[in-house]
Amino acid sequence: MLNSGKYIAKVFNLNGLPLDEKNKEGLAVELAIWIVVAGTFYNLIYISLGYSSVILSSVLSIVVTLINLAIFKLSGNFKVFGASQLIIILFFGLITHGILGGFVDSSGLALCAILPAIGALLFSSVRTARILFVLYCLGLIVLGLYEAQSLDVPYRMPRWLSLTFFVTNFIFISVIIYFIIESFHSRMIATQLSLEKEKEKSDSLLHNILPAEIIEELKETGHSKARLFNHVTVLFSDFVNFTSISEHLAPEELVSEIDFCFKAFDQIMERNGMEKIKTIGDAYLAVCGMPIENEFHARNTVRAGIEILDFIKQRKKEGGVFDVRIGINTGSLVAGIVGVKKFAYDIWGDTVNTASRMEQNSGIGRINVSGCTYELIKNDFECTYRGKIEAKHKGMIDMYFVNGVLEKGKLSPDTHTEL
């Protein structure tokens, strides 16, 4: 069959429909057009051979189909068009078979009447298809009884002509059935590919929101339980004098600079086996040691902090406007998904609050760590003890500035990166 789908979609205004609806309605229209073409061809043959008694029924079916197509083009009501077209094919297929004189003289033309049941599976519903199939079977029984009565028929076709039409009818109906099945198969493949692409987009979006392990848990169970993690390290970063600097930047420049920096932070977190939790304005929150435990959580987090400082230093040389301060704390916390709409994976607990206080008490271009974190990194990083410093709502806390790497050594077997 001709690849006329794009022309049909244009003529019958189908391009604005969803892909599945467009394919379904386009296929139904194309089948109706082909039935008109085939009917016209048959009529010309009958006329040339002098068999005119069947012309009325055949021509009437063509005219009704054309009217139905015109109404569909004007109204766009596919439900009415599809249902009426199926009835037209069923009715006229059986009637024309009877007029031609039976199964032999009609060359099995009643076989056309199976098309509505098959078409209904694509264009309507299984229930409608079953009804049409039952009507088709009943129609064949009635035609068989009719022919068994040996009623006189208008004419008897010569054997050669009857056989010719047998072959032609079977080929034509077989082509139509094959076309329907092939089109259905193609649509299913296209739909499957479309669903797979949408799934990839959804998965990609989810991976930008949730850790991979949480996504798998959601897929398997439909929900994610809040969990307690006893050994994690939290990193807070914040741009210094952000408010005053932002007042001198155009909105586009401000957002562009923040976006550039946070994208770099994201890459740093990924390299160091950390999980970004969220950004809050100009603040950046990440954690290491969850949802998968990592014995190097403290050292990986400090290393990520050093990489952030190096990035900001280089960025300032290239025209960047922000300085940064970083706070790090180690302990336990609770993590889970909150909300239904615009949900987020978040963390709670004293460890998170203390990490925030570490950042607030840090210096420009410095990493401030708590005593808990220091005990885990003191053999790998050079630190300066700042003494006990009062933190808001926390009292006096031991704090340390990280000056740099104390000695070289592999920090994590997962990252394969040496200090």
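The chain has 13 helices and eight strands, both taken as DSSP runs numbered from the N terminus (helices H or I, at least four residues; strands E, at least two). This is a predicted model, in which local features need pLDDT of at least 70 and side-chain atom pairs count only at pLDDT 80 or more, while totals for chains, interfaces and linings use all residues. Residues are numbered from 1 along each chain as its sequence is written, and side-chain values use heavy atoms, with hydrogens and water left out.

**Chain totals**

Of the 419 residues in the chain, 45% are buried; buried means under 20% relative accessible area, exposed over 50%, and partly exposed in between (1.4 Å probe, protein chains only). The accessible surface comes to about 22800 Å², and carbon and sulfur atoms account for 60% of that surface. Accessible areas come from the Shrake-Rupley method with a 1.4 Å probe, and for residues only the protein chains shown count as cover. Among contacts (heavy atoms within 4.5 Å) between residues at least 6 apart in sequence, 69% join residues at least 24 apart.

**Salt bridges**

Side chains of opposite charge can pair when their charged atoms come close. The structure holds 14 salt bridges, each defined as a side-chain nitrogen of Lys or Arg within 4 Å of a carboxyl oxygen of Asp or Glu. The table gives some of them.

| Salt bridge | N to O distance |
|---|---|
| Asp 238 and Arg 325 | 3.5 Å |
| Glu 318 and Arg 315 | 3.8 Å |
| Lys 316 and Asp 323 | 3.3 Å |

In the pair formed by Lys 316 and Asp 323, Lys 316 is partly exposed at 36% relative accessible area, and Asp 323 is also partly exposed, at 27%. Salt bridges with shared partners join Asp 238, Arg 325 and Glu 359 into one network.

The side chains of Asp 238 and Arg 325 meet in a salt bridge. Asp 238 lies in strand β1 (residues 227–239) and Arg 325 in strand β4 (residues 324–338), so this pair ties together parts that are 87 residues apart in sequence. Asp 238 is buried, with 14% relative accessibility, whereas Arg 325 is partly exposed at 21%. Arg 315, the partner of Glu 318, is buried at 18%.

**Nonpolar patch**

Ile 131, Val 134, Leu 135, Leu 138, Ile 141 and Leu 145 make a nonpolar surface patch of about 540 Å². Patches are made of residues with over 30% relative accessible area and no salt bridge; like charges are joined within 9 Å, and nonpolar side chains (Val, Leu, Ile, Met, Phe, Trp, Tyr) within 5 Å. Ile 131 is found in helix α6 (residues 126–148) and is partly exposed, with a relative accessible area of 43%.
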